[in-house]
Amino acid sequence: MVLVDFFKPSRWALDREETTFASHGWSNKDMDPVPPRLRTWTTWNYISYWVSDATNLAVWELASSMLAIGLSWRQAMPCIAAAYAIISVVMVLTGTIGARLHVAFPVLNRSSFGFWFSYFTVFSRVLLSMFWFGIQTYNGSQCVYQMLKAIWPSIAKMPNHLPVSANITSSGLMCYFLYWLIQFPFLFVTPHKIRWLFFAKGVLTPIAWLAMVIWAFVKVPASQGLFSQHATIEGNYFSWAWLSAMNSALGIYASLSVNIPDFTRYAKNERAQYIQPFIIPIAFTLCSFVGIAVTSAGIQLYGEVLWDPLLLIDRWDNRAAAFFASFVFALTTIGTNISANSLGAGNDMTVLCPKYIDIRRGQILCAIIGGWALCPWEILANATGFLSFMDGYTIFLGPFAGIMVTDFYLVHKGCVDVPAMYDPSGRYRYAGGFNWRAVLAMIVTVGPTFPGLINSIDPAIKIGYASRLFDIAWMYGFVVASLVYYVASYLFPARDTYVDGLISADDVMSIDKQCEKDRKSPTETMQSEDKKSINVETTEVQV
């Protein structure tokens, strides 16, 4: 009987709380606009967030893998700087929407995609977050392996009972499980408090990275290592390799550029997150330079391109240095995984099933499904595979960001109705819940790049020069989707969605409070005033 009751849907239904929009049945407390008391993120919090996020394994691996595909550091650095400058502008544009409306990405994109079509973008984001969660967990497991190896070197001789084709060893699988357990408790930290983890990362990780780049230049002077490294590709192949690498750099944070409102909705004000276009290119370009410099030194020391820093650490004889560097990488990977992937998936799954899933439950589901159902070690088996994965999902994220930015700033000019975003029959229903203008923009952009995605998965399928468009999938998707959506909205405007000014959640809350006050009877009002006078008299007596 107890077991049967455990699996009843009513057993898992969330408790109904007094919120502004939960009574509609399409929201819960975590989906509601953030109340003023929880808007705690300041400019310094966003600086520490991006500094800590820049020092993660994916940024290092991407920069180093550019050397692996044949680019020189002189060619890779402009590519990286341009990519992060572009993504930072998109980041602040979408972030401002969240900071102004105080709602998460899964809710606000209903105004541009339509109430029901927005679920396509949300479901896509859930899948991407789970993929990234698995990849970052695998990266973290490598950190755990190096930490254990620094303490007990005998782990390197642990028997392997898995085949070579598995792309992971028995010890690697054990470390993957350990890291998954270590990061699991961090899933229970609320979004408005997670900023303290970023502060700790922002202090510790730059120290470790600076130490590694100093080690690289001491071991191998720049004249012998970094400056002596040259490109191994040229001509037309170089041009497309450069663009593909740039698209991959965009791909790392293309996902977060869409769901950054999940964090900026906690900003004290809009200005708090305006620092992003300045801190992102600087922090990420510097951290990428560290990755390239250390990888170049590794080429001279070990005779191969060790694009994964943990493979480089594995060659070190200094066990204390290996442990500290691995520990810092593990810490920064936890923060990145929680902020960029776990919380994103939690927000998205909350919208998919608001009656049963809040952010915390969504994060737990992401940890279970994304952490074990996927095989991130297969994706990260080689540099080319890593870049292909980065390219792959940008065919969707570029159009998502383009449509969101164009709709809010150019079509509706910031005048949207936040309460209507929670109403399936409201003004953002469009035609059957679908904004056909957004559907058209997605078809026009995703269609031409989809053959390239198929070719990246199975190179045996030849598609000719169509693969070139896939090499610039994010840039093509953002620009073309923005243009198509704006033209369609200009020629065929959805007039029912237009309002004279911004209707925010704060406005609705103020009206609700005033109505509740007006509904009070004269007797209740007099009783309330009597209570206030009694409290004042009591306070005076106590004083």
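**Exercise 1.** Find the partner of Arg125 in a salt bridge and state where the two residues lie.

Solution. Arg125 pairs with Asp348 in a salt bridge, with 3.7 Å between the closest N and O atoms. The term requires a side-chain nitrogen of Lys or Arg within 4 Å of a carboxyl oxygen of Asp or Glu. Next, locate the residues: Arg125 is in helix α8 and Asp348 in helix α15, 223 residues apart, so the pair links distant parts of the chain. Helices are DSSP runs of H or I with at least four residues, numbered from the N terminus. In total the structure has four salt bridges.

This is a predicted model, in which local features need pLDDT of at least 70 and side-chain atom pairs pLDDT 80 or more, while totals for chains, interfaces and linings use all residues. Residues are numbered from 1 along each chain, and side-chain values use heavy atoms, without hydrogens and water.

**Exercise 2.** Describe how α4 (residues 57-68) and α11 (residues 235-259) are arranged.

Solution. First, the axes, lines fitted to C-alpha atoms over the stretch in contact, come within 11 Å and cross at roughly 175 degrees. Angles run from 0 to 180 degrees between N-to-C directions, and those over 145 count as roughly antiparallel. The two helices, α4 and α11, are therefore roughly antiparallel. Finally, list the contact (heavy atoms within 4.5 Å): α4 supplies Ala58, Val59, Leu62 and Met66, and α11 supplies Ala245, Ser248, Ala249, Ile252 and Tyr253.

Conventions:
Parallel < 35°, antiparallel > 145°, perpendicular 65-115°, else oblique.
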